[in-house]
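This report is written for a reader who meets the structure for the first time. Please keep the sequence and the model in view while reading.

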Amino acid sequence: MQVYLDNAATTPLDPEVLEAMKPYLLDHYGNPSSIHSHGRQVRSAIEKSRRTVAELLNTSPAEIFFTSGGTEADNHAITGSLQSGEVNHIITSRIEHHAVLHTVQHLEKQDKVKVSYVELDSQGSPEPDHLEKLLQSNGPSLVSLMHANNEIGNLTDIKKIGEVCRQYQAVFHSDTVQAMAHYRHDLQDIDVHFVVGSAHKFHGPKGIGFLYVKADHKIPPFIHGGAQERNMRGGTENVTGIVGLAKALQIAYEKMDDHRQYIQGLKRHMIEQLEVTLPGVKFNGLSGGIDNSLYTVLNVSLPPTDDSEMLLFNLDINGISASGGSACSSGSNVGSHVLAALNSDPQRASVRFSFSKYNTLEEVDYVVQKVGEIFQVKA
Ligand code: PLP
């Protein structure tokens, strides 16, 4: 049996999305910047896709910029905020994705900005009082805190963070890559200046994403050399990717409640079965809770055994794809910076299982059985 439980890394393309993309690979090949009919037809597909994304997020098409993915969108939001001269201080957390952390650290190394890290509670949630303290005691700040953590699934209340940011006139960027298309983002209801999306996390194609930039908020271009994306990102557009992204987001929004219920059922089942099969199993961060964590992610902390090092390898041999790692020990750059920030026990192997609408209960049972066998416990 082959089981793919690494959907937080990337998801399989939805065949319906592929069908929507095909005409733009084969028939509609004009350059969207050309003014002839071949070009105009493709331009119109891009703008229609932009409208679709904007409508789903309850915002205006002028606020949506297509990018090469989540990493680029995060980079643009952060470097752009700094270049605009609006902020001279960044507040983030130690468990952000590297798309945020490495960007911030790079800017800090160049002496372009001062960086503060908000304290986290024992489960990895930002401490709101400390965030306020940092906002009070520093100059104009950019707050970059993710909506859903890609490793441990923690959900952050971005509506609340947005309110705090507004109170202190801080700019708020949220890396929403893992939450996009799994939860509704009503951008009229959240005080946020930037959110981001990446199509391959919701059954769209790889190499395409978007950045939402609030209308009253101006940042400079990210890629120079063309007038595409309203001068914000030069270069001929990834037309098939853009069409695929919009289609994937549309499908996700239409079926969101059903998918959520279904995937949550898979996660709940895995928690219950693992607890029976492996006494002493724990779940990292908030991922063991059904309501306050991303329903697509379960980060399992396994009881210490001699086999734990080999866990992912053994899963792979059994046809199971997942990802993981233990907390990196201090001074080492291997392992998970997220688990290290939570002070999780480096002796325990951790594995992140992440689910999609294409997984089944049978697959979950198979994986639990194999984990049990690897740990030589009767499943
Ligand atoms: N941010 C988060 C939270 C992610 O999980 C990822 C992908 O793993 C990214 C950003 C980067 O997205 P992309 O692969 O589209 O560059």
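**Confidence**

The structure is a predicted model. Its protein chain has an average pLDDT of 94, and 95% of the residues reach a score of at least 70. Residues 328-333 form a stretch in which pLDDT stays under 50; for this stretch the model has five contacts beyond four places in sequence. Where pLDDT is low, the predicted coordinates should not be read in detail.

**Cavities**

Rolling a probe the size of a water molecule over the atoms shows where empty space is left. In the whole structure, a search finds two cavities of 30 Å³ or more. The table sets out their volumes and the make-up of their linings.

| Cavity | Volume | Lining residues by class |
|---|---|---|
| Largest cavity | About 210 Å³ | eleven nonpolar, nine polar, three charged |
| Second largest cavity | About 70 Å³ | five nonpolar, five polar, one charged |

The largest cavity has a lining of 23 residues, and those nearest its centre are Ala181, His182, Lys201, Phe202 and His203. Helix H8 (239-254) and helix H9 (256-277) are the elements that give two or more residues to this lining. At least three lining residues of the largest cavity come from each of domain 1 (3-11 + 255-378) and domain 2 (15-254).

The second largest cavity is lined by residues that include Ser93, Ile95, Glu96, Leu120 and Gly124. Also among them are Pro126, Leu145, Met146, Asn149, Asn154 and Thr156.

Val300 is part of strand S10 (residues 297-301). Val300 counts as buried because its relative accessibility is 1%, where buried means under 20%. Leaving aside residues up to four places away in sequence, Val300 touches Leu274, Val281, Lys282, Phe283 and Asn284, and also Ala349, Ser350, Val351 and Phe353. Asn149, one of the residues lining the second largest cavity, is 151 residues from Val300 in sequence and 15 Å from Val300 in space, C-alpha to C-alpha.

Is Glu237, a charged residue, buried or exposed? With a relative accessibility of 8%, Glu237 is under the 20% limit and therefore counts as buried. Glu237 lies in the loop between helix H7 (228-231) and H8. Apart from residues up to four places away in sequence, Glu237 touches Pro32, Arg43, Ile46, Gln228, Glu229 and Ile242.

Methods:
Residues numbered from 1 in each chain as written. Predicted model: local features only at pLDDT ≥ 70, side-chain atom pairs only at ≥ 80, totals over all residues. Heavy atoms only, no water. pLDDT = per-residue confidence, 0-100. Contact = heavy atoms within 4.5 Å. 1 Å grid on protein atoms, 1.4 Å probe; cavity = no way out; pocket = protein on both sides within 12 Å on 5 of 7 lines; lining within 4 Å. Points joined across faces, edges and corners; volume = space filled by probe spheres on them. Helix = DSSP H or I, 4+ residues; strand = E, 2+ residues; numbered from the N terminus. Nonpolar A, V, L, I, M, F, W, Y, C, P; charged D, E, K, R; others polar. Domains from an automatic or database assignment. Buried < 20%, exposed > 50% of the residue type's maximum accessible area, 1.4 Å probe, protein only.
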